[in-house]
Amino acid sequence: LSLSACSAQGAFPEPPVNPAPRDKWTYDLVVEAPVRPVQRVEMIASYNIVNRECLAREWLTGAPTSPASIDVPLAVEATSEGGFRATVFADRLLPSDLYGEGECRWELAGILSTLDDGVVRFQHSGFVRPLRPEMPLQTLGYTAFERTRFDSASPTDGVMRSFLTSLKREQPRGATEPDADFVGQFPLDRYVRVRSVGRATN
């Protein structure tokens, strides 16, 4: 896959890919009480440039004229628990001088998932790495959708979105502990919940 074809905005010089990445994470996705079985899941990992001074800039104003992020599609597999899993490397992209302004460095920002149940397509955005990746923590995220929204096809732009999302939660690595506040606020008799968990696998 040519990474330049997946840039978030405009043309993007293709950054070098790490031939031996080591910072490996798994990202698990579960749909809680779906209206219909999910038939397909697509996941995209977003990487951001962390040092914006390396970007090309407009000569007069100094505003950046080059993209600061890039999206990479991930391979998704079904799990025996009825969920979906992807493997992602935080160090997939190597630092490089893309614009002649110095070396650009990358960080893994998160994963956008698009789910399809044959009638409705809906999205969940989740984090993978905790704020302190050196700690034995995992990240937990939720999105809730009103169940009544699944009664008709996706909106005209093709995908259903929700602003009912939880903040980035961190918890000790291991069995997933539900976010009691979010779960209590959005019960499954009225909502479909999408839950994601990111864990280091090194």
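**Exercise 1. Is D28 buried or exposed, going by its relative accessibility?**

Solution. This is a predicted model, in which local features need pLDDT of at least 70 and side-chain atom pairs count only at pLDDT 80 or more, while totals for chains, interfaces and linings use all residues. Residues are numbered from 1 along each chain as its sequence is written, and side-chain values use heavy atoms, with hydrogens and water left out.

Step 1. Set the cut-offs: buried means under 20% relative accessible area, exposed over 50%, and partly exposed in between, with a 1.4 Å probe and protein chains only.

Step 2. Apply them. D28 has 10% relative accessibility, so D28 counts as buried.

Step 3. Of the 202 residues of the chain, 43% count as buried.

**Exercise 2. Describe the fold of the chain from its secondary structure.**

Solution. Step 1. Define the elements: helices (H or I, at least four residues) and strands (E, at least two) are DSSP runs, numbered from the N terminus.

Step 1. Order them. Along the sequence the pattern is β-β-β-β-β-β-β-β-β-α-β.

Step 2. Look at the contacts (heavy atoms within 4.5 Å). Among contacts in the chain with a separation of 6 or more, 73% join residues 24 or more positions apart.

**Exercise 3. Find the salt-bridge partner of R85 and state what the pair ties together.**

Step 1. Search. The whole structure holds ten salt bridges, and one of them joins the side chains of R85 and D28, at 2.5 Å from N to O.

Step 2. R85 lies in strand 5 and D28 in strand 1, so the bridge ties together parts that are 57 residues apart in sequence.

Step 3. R85 has 30% relative accessibility and counts as partly exposed, whereas D28 is buried.

Step 4. D28, R85 and R199 are linked in a network of salt bridges.

**Exercise 4. Which residues form salt bridges with R40?**

Solution. Step 1. One partner is E42, with the closest N and O atoms 3.6 Å apart.

Step 1. Another is D116, whose side chain meets that of R40 at 3.8 Å, N to O. R40 lies in strand 2 and D116 in strand 6, so this pair ties together parts that are 76 residues apart in sequence.

Step 2. R40, at 44% relative accessibility, is partly exposed, and E42, at 37%, is partly exposed. D116 is buried, at 16%.

**Exercise 5. Characterise the largest pocket and its lining.**

Solution. Step 1. Define it. On a 1 Å grid over the protein atoms alone, a pocket is an open set of points where a 1.4 Å probe fits, with protein on both sides within 12 Å along at least five of seven lines; lining residues have an atom within 4 Å of a point.

Step 1. Give the volume, which is the space filled by probe spheres set on the points, with grid points joined across faces, edges and corners. For the largest pocket it is about 180 Å³.

Step 2. List the lining: D28, L29, V30, T79, E81, G83, F84, R85, T176, R195, V197 and R199.

Step 3. Sort the lining residues by type. Four are nonpolar, three polar and five charged. Here Ala, Val, Leu, Ile, Met, Phe, Trp, Tyr, Cys and Pro count as nonpolar, Asp, Glu, Lys and Arg as charged, and the others, Gly among them, as polar.

Step 4. Trace the elements. Strand 1 (24-32), strand 5 (84-89) and strand 10 (191-200) each supply at least two lining residues.

**Exercise 6. Which residues have the most contacts inside the largest nonpolar core?**

Solution. Step 1. Define the core: a set of buried Ala, Val, Leu, Ile, Met, Phe, Trp, Tyr and Cys residues joined through side-chain atoms within 4.5 Å.

Step 1. Read off the residues. The largest core has 37 residues, and L29, M43, Y47, V88, I111 and F122 have the most contacts inside it.

Step 2. Find the main supplier. Strand 2 gives the most to this core, with five residues.

Step 3. Follow one member. Beyond its neighbours within four places in sequence, I111 is in contact with residues including Y27, M43, L74, V88 and V128.

How values were computed. A salt bridge is a side-chain nitrogen of Lys or Arg within 4 Å of a carboxyl oxygen of Asp or Glu.
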